[in-house]
Amino acid sequence: MPKSLKQQATEQIVAQLANEGARILRQCVEQRDYTHRSYNLYDSYGYGVYVSGKLQRYGFLGTQKATDPRKWYGEDVRGRDEILEFLKSEHKPSNDAIELVIAAAMPYAKVLESGGGGIKHKYKVISMSYDMLKDIAPKYGGTVKALK
């Protein structure tokens, strides 16, 4: 059975948003000002494209680089596991929209961005994605919200 015009248009928008997501991730990691040590934060960068509340496409910066987990309050955490958990379970998408979500899901990403936890400097991790998303939003007739 041939796809409807709406299905074809939705698939095309999803593909375009996935390309935008991959581009934004690459730009964010290029603009970061922290040093990769374990590569778990690198592995936790990802994007997801949701249609009517369902995850349709997702991606990462590239192949997984971290070989060892990081300890976070006594628990082992791995970047790729954290971003998959966020995209598949933690993020609550809208049921009536197409959404592009950009995230760095390691729990210490927020600490680095805010300069919390006793560190003396605020680092650029993923916050620059907000402006990048605002730049493309008019092209898709969309709006941008910052999630914390």
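The buried residues of helix α5 (residues 129-140) pack against α1 (5-31) and β5. Here, buried means under 20% relative accessible area, exposed means over 50%, and partly exposed lies in between, with a 1.4 Å probe and protein chains only. Contact means heavy atoms within 4.5 Å. Helices (H or I, at least four residues) and strands (E, at least two) are DSSP runs, numbered from the N terminus. The model is predicted: local features need pLDDT of at least 70, side-chain atom pairs count only at pLDDT 80 or more, and totals for chains, interfaces and linings use all residues. Residues are numbered from 1 along each chain as its sequence is written, and side-chain values use heavy atoms, with hydrogens and water left out.

The buried set in α5 consists of S129, M132, L133, I136 and A137. They cover an arc of only 145° around the axis, which puts them on the same side of α5. The arc is that of the directions from the helix axis to the C-beta atoms. An α-helix has 3.6 residues a turn, so residues three or four places apart point the same way. D135 and P138 are exposed on the other side of α5. The 12 residues of α5 should span 16 Å at 1.5 Å a residue, and the end C-alpha atoms are 16 Å apart, which agrees. The expected span of a helix is 1.5 Å times one less than its number of residues.

M132 lies in helix α5 and is buried, with a relative accessible area of 9%. Beyond its neighbours within four places in sequence, M132 is in contact with I24, Q27, C28 and Q31. M132 and L25 are 107 residues apart in sequence, yet their C-alpha atoms are 9.9 Å apart in space.

Helix α1 has 27 residues. From first C-alpha to last, α1 reaches 39 Å, close to the 39 Å expected at 1.5 Å a residue. Its buried residues are V14, L17, A18, E20, G21, I24, L25, C28 and V29. They pack against α2, β1, β2, β5 and α5. V29, in helix α1, is buried, with a relative accessible area of 12%. Leaving aside neighbours within four places in sequence, V29 is in contact with H36, Y42, Y45 and L61. The C-alpha atoms of V29 and Y45 are separated by 8.4 Å, and the two residues are 16 apart along the chain.

Y45 belongs to the next element, strand β1. Seven of the seven residues of β1 (residues 45-51) are buried, so the strand is largely enclosed by the rest of the structure. In a regular strand the side chains alternate between the two faces of the sheet. In β1, Y45, Y47, V49 and V51 point one way, while G46, G48 and Y50 point the other way. Strands pair if DSSP finds at least two bridges between them. β1 pairs with β5 (residues 98-104) in the antiparallel sense over seven bridges. Y45 stands opposite A104 in β5. β1 and β2 (residues 54-60) also run antiparallel, joined by six bridges. Y50 stands opposite L55 in β2. The β1 and β2 strands form a hairpin with two residues between them. In the turn, S52 has a positive phi of about 50°.

Helix α3 (residues 79-90) has G79, R80, I83, F86 and L87 as its buried residues. Seen down the axis of α3, they fall within an arc of 130°, so they line one face of the helix. The elements that cover them include α2, β1, β2, β4 (75-77) and β5.

The second largest pocket is lined by 15 residues. T35, R37, R70, Y108 and L112 lie nearest its centre. α2 (40-43) and α4 (108-114) each supply at least two residues of the lining. The largest share, three residues, comes from α4. Pockets were found on a 1 Å grid over the protein atoms alone, each an open set of points where a 1.4 Å probe fits, with protein on both sides within 12 Å along at least five of seven lines; lining residues have an atom within 4 Å of a point.
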